[in-house]
Amino acid sequence: MSRFIHDPNLPRNRAALCVMSGQYPELCRRVEQLGPAVIRTSRDRSLPEPVAFHGDLQLCHLGGDQVVLEPGAGGLMEVLGRMGFRCRATCRPAENHYPGDVRLGMLLLNRWGFGLLEAAAPEILTGLLLNNWELVFSRQGYARCSVCVVDREAAITADPTLAGLLEGKGIQCLRIDPGGILLEGYDTGFLGGCCGLLAPGLLAFTGSLERYREGEKIKDFLSHRGVRWVSLTDGPMVDIGGILPLMEENTV
């Protein structure tokens with residue numbers, strides 16, 4: 001049996017269901033070998049081509065059974081709806097350029113919603129405010145993709161604006177240097193787009209920390225937090241739009 005994850009990005013038990021980019025079936029299969037079922041995204045033609053499969057731009061999990069999706073993610077909406085999620089499409093689709101592509105790109109953590117608020121979909125803002133979340137303005141629109149959530153009190157990011165905002169809320173934040181992450185069509189991707197929690201204290205990465213130039217710093221930070229990590233490949237880090245946990249095992 002499984003249940004909806006109450007707090008976005010923070011499973012309390014082992015993840016039972018994740019959303020990942022359908023552009024990388026081998027990574028999806030690797031996560032499935034670790035336990036969770038994986039829903040694969042399809043191309044959303046309203047998004048820029050390099051990020052058209054990215055889950056963190058196609059959906060935003062507000063917690064529990066509430067999910068906001070891009071209209072172009074119709075297949076995703078159908079599958080999640082059959083699983084009991086209350087799915088709501090945005091009133092208009094994303095655009096193929098920044099900041100029109102980050103309508104669903106907010107970072108949700110501990111009842112704070114970080115993002116470029118003027119670009120965020122009103123369906124997200126309304127949903128958060130109705131559930132007493134605090135909205136926090138960030139100049140970085142790719143907020144979810146920019147931040148690796150480690151646990152309730154720790155995160156990793158190369159974005160100085162988000163690092164300052166997180167630290168201002170009492171979140172311990174490891175600041176890393178940007179670069180070294182593959183994302184076709186861009187100079188670099190973001191670390192948050194390369195990872196996701198598969199359980200409390202278990203963080204999965206698309207590539208090897210051994211091959212990532214900030215890897216040793218990250219391993220030290222995770223070890224200090226008591227967090228284990230798993231590399232889905234022994235290759236470089238690839239930004240796939242995140243590993244997004246939505247359901248967890250219903251165990252004590």
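Residues are numbered from 1 along each chain as its sequence is written, and side-chain values use heavy atoms, without hydrogens or water. Because the model is predicted, local features need pLDDT of at least 70 and side-chain atom pairs count only at pLDDT 80 or more, while totals for chains, interfaces and linings use all residues.

**Aromatic pairs**

Start with the rings of Phe, Tyr and Trp (its six-membered ring), which pair if their centres lie within 6.5 Å; planes under 30 degrees apart count as stacked, over 60 as edge-to-face and the rest as tilted. The whole structure holds 4 aromatic pairs. Select Phe4 and Phe85: the ring centres are 4.7 Å apart and the planes stand at 65°, so this pair is edge-to-face. Phe4 belongs to strand 1 (residues 2–4), and Phe85 to the loop between helix 3 (74–82) and strand 6 (86–89), so the pair ties together parts 81 residues apart in sequence. Helices (H or I, at least four residues) and strands (E, at least two) are DSSP runs, numbered from the N terminus.

Colour by relative accessible area (buried under 20%, exposed over 50%, partly exposed in between; 1.4 Å probe, protein chains only). Phe85 is buried at 5%, whereas Phe4 is partly exposed at 28%. Next, select Tyr98, Tyr142 and Phe190, which ring pairs link into a cluster.

Move to the open sheet of 3 strands in the order 10-11-12, with mixed pairing; two strands pair if DSSP finds at least two bridges between them. Strand 10 (147–151) and strand 12 (172–175) are at the edges with a single partner strand each, so one side of each has no neighbour in the sheet. From one strand to the next the twist averages 20°. Strand 11 (residues 154–157) runs parallel to strand 12, joined to it by 4 bridges. Ala154 is opposite Gln172 in strand 12.

Now show helix 6 (residues 160–168), which packs on the sheet and touches strand 10, strand 11 and strand 12. Contact means heavy atoms within 4.5 Å. The direction of helix 6 makes about 160° with that of strand 12. Axes are lines fitted to C-alpha atoms, for helices over the stretch in contact, and angles run from 0 to 180 degrees between N-to-C directions. Helix 7 (residues 215–225) also touches strand 10, strand 11 and strand 12, at about 165° to strand 12.

**Cysteines**

With a disulfide taken as a pair of cysteine sulfur atoms within 2.5 Å, the count is 0. Cys87 is partly exposed at 25%. End at Cys91, whose nearest cysteine sulfur, that of Cys60, is 15 Å away; Cys91 is exposed at 61%.
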